[in-house]
Amino acid sequence: MRHIISMLLENEAGALARVAGLFSARGYNIESLTVAPTEDPSLSRLTLVTSGNDEIIEQITKQLNKLIDVVKLVDLTEGSHIEREMMLVKLRAADATARAELKRLVDIFRGRIIDVTDRTYTVEMTGTGDKLDAFIEAVGRRAILEVVRTGVSGIARGEKALRL
């Protein structure tokens, strides 16, 4: 089962390497990883997506909690949460017909065209991973020149918050 684990960790050199090292040492896979400073400059928020049964996820969270850099940790998939991912995709748009069709698809998926050249459109899109995958499928792989995705960012719904 897919799990989104979000944690606050010390914003210092080597903290991310220790988290990644924990996964590689135990043979667990990180499907996506995002990290950035929080409103407190001494802390970063790291969100990672991994897969495993309940026993494996429990082992991962226990090991992460043992790391000195990890201040607080939550498995967002245990409760109601919101997740988003951002994607930049460069598309072939060589003729007027292709441009019109791409513009229509971008509008349907609520994306934005952020760069236009005589042969390409660059599109920015946010949403769940499924939505981004559906856009890629709708456009067709032949039209895609390049794709960049951020990985999942997530937050708990309601009053629940990952704070000190």
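A salt bridge is a side-chain nitrogen of Lys or Arg within 4 Å of a carboxyl oxygen of Asp or Glu. The model is predicted, so local features need pLDDT of at least 70 and side-chain atom pairs pLDDT 80 or more, while totals for chains, interfaces and linings use all residues. Residues are numbered from 1 along each chain as its sequence is written, and side-chain values use heavy atoms, without hydrogens and water.

Nine salt bridges were found in the whole structure. One joins Asp 133 to Arg 149, at 2.7 Å from N to O. Asp 133 sits in helix H4 and Arg 149 in strand S8 (residues 144–149), so the pair ties together parts 16 residues apart in sequence. Helices (H or I, at least four residues) and strands (E, at least two) are DSSP runs, numbered from the N terminus. Salt bridges with shared partners link Glu 85, Asp 133 and Arg 149 into one network.

Other pairs lie within a helix. Glu 58 and Lys 62 form a salt bridge at 3.1 Å, N to O. They are four residues apart in helix H2 (residues 54–66), about one helical turn. Arg 104 pairs with Glu 101, the closest N and O atoms being 2.8 Å apart.

The largest nonpolar core has 17 residues. Such a core is a set of buried (under 20% relative accessible area, 1.4 Å probe, protein chains only) Ala, Val, Leu, Ile, Met, Phe, Trp, Tyr and Cys residues joined through side-chain atoms within 4.5 Å. Met 87, Met 125 and Phe 135 are among those with the most contacts inside it. Helix H4 gives the most, with four residues. A second, separate core of 15 residues includes Ile 5 and Phe 23.

Terms used:
Buried means under 20% relative accessible area, exposed over 50%, partly exposed in between (1.4 Å probe, protein chains only).
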